[in-house]
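Subject: A structure to look through

Dear colleague,

I am passing on the structure below, together with some notes on what was found in it. Please keep the structure open beside the notes as you read.

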Amino acid sequence: MEYRGQHLLGLEGVPAEELEFLLDTAASFKEISDRDIKKVPTLRGKTVVSLFYEASTRTRASFEIAAKRMSADFISLSSSNSSATKGETLLDTARNLAAMRPDAIILRHSSSGAPHFLAQRVPCAIINAGDGSHEHPTQALLDLLTIRERKRQVGGLTVAIVGDILHSRVARSNLIALRTLGAHVRLVGPPTLVPSEFGRWGEICHDLGQGVRDADVVMMLRIQRERMNGNFFPSLDEYSTYFCLTRAALREAKKDVIILHPGPMNRGIEIASDVADSEAAVILDQVTNGVAVRMAVLYLLVNRSRADVDANTPVEVVHAPPVRQRRRQAAV
Ligand code: CP
């Protein structure tokens, strides 16, 4: 299990009741962002560092907004503005940051497993903000929250994940969590990006129309060219001819289908512009929910005593006070 209450490294092995608890906690934090004064003192005196070795708009901004809305001190570093440019290793960078006694480090890195590596070596909470093609747990949590808000529950839904499944950490975290919550998952894309061995994770489909047929949710993914070391399809034009989500393709889905995209979108490649801007698209709701999910994750991981962290004591989040009680505490 990768979420042990101390770090959030991934969603593999996290049981359904803990996922639901994380989502309930996030849902309870949403109203803070609708207030005139968008600030609660919950994490006053805590320090959160974000360390991004890959580009980001949504994840980085929403972690910072989430931390600041909870009154934490927030320091943002990237590979381009840190001493990584002078050759300092990830471990040395993290150890030096840890020596300043932060309560959490949020890490995005191109190497799968980088957050796990730090979690074993650095004495503060590590939060995975996307590691290579492995996992992006907070993205999946915000996707689940968005689906649950629109469809009331996740169990029993048919969810089509379409595109570059092979390289996508978003697909992997979603696949794990959706299956844990009882959704039926279809993996849709060309055989090079949805290889047959993925059949043990979900139903495979190499045709877009069939893949979205009767789907309740369609999740579109960007082609991750930065993670490709070969030619996976002849050209982007050819890819979009077969796998771009258009209004015509969507006719196969259920009438009340919702469309998700983690961003950044490449309009006209994996998703037609009018579909991205349609009523069915909940893409900006995902972004809104990203703040609430990251508030919840910081709250559950950072709001712990230093002694607990030093003693490596896991938080029994499933036995934590009810969400309403926690929210009252948070909102005081
Ligand atoms: N969805 C997502 O991770 O977006 P960013 O790369 O902009 O953070």
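Helices (H or I, at least four residues) and strands (E, at least two) are DSSP runs, numbered from the N terminus. This is a predicted model, in which local features need pLDDT of at least 70 and side-chain atom pairs count only at pLDDT 80 or more, while totals for chains, interfaces and linings use all residues. Residues are numbered from 1 along each chain as its sequence is written, and side-chain values use heavy atoms, with hydrogens and water left out.

The pocket

A pocket here is an open set of points on a 1 Å grid over the protein atoms alone, where a 1.4 Å probe fits and protein lies on both sides within 12 Å along at least five of seven lines; its lining residues have an atom within 4 Å of a point. The largest pocket has a volume of about 330 Å³, a volume being the space filled by probe spheres set on the points, which are joined across faces, edges and corners. It is lined by 20 residues, of which R108, R169, R222, G263 and P264 are the closest to its centre. Helices α2 (58-69) and α6 (169-180) each supply at least two residues of this lining. At least three lining residues come from each of domain 1 (16-135 + 288-329) and domain 2 (137-285), with bounds taken from an automatic or database domain assignment.

Helix α5 and what follows

Helix α5 (residues 137-151) has 15 residues and reaches 21 Å from its first C-alpha to its last, close to the 21 Å expected at 1.5 Å a residue, where the expected span is 1.5 Å times one less than the number of residues. Of those 15 residues, 13 are buried, meaning under 20% relative accessible area with a 1.4 Å probe and protein chains only (exposed is over 50%, partly exposed in between). Just after α5, R152 takes a positive phi of about 70 degrees. In the loop between α5 and β5 (158-162) lies V154, which counts as buried because its relative accessibility is 4%. V154 and T180 are 26 residues apart in sequence, and their C-alpha atoms are 9.7 Å apart in space.

Strands β1 and β2

Strand β1 (residues 47-52) has five of its six residues buried, so it is largely enclosed by the rest of the structure. β1 pairs with strand β2 (residues 73-78) in the parallel sense over six bridges, and two strands count as paired if DSSP finds at least two bridges between them. L51 stands opposite L77 in β2.

With best wishes
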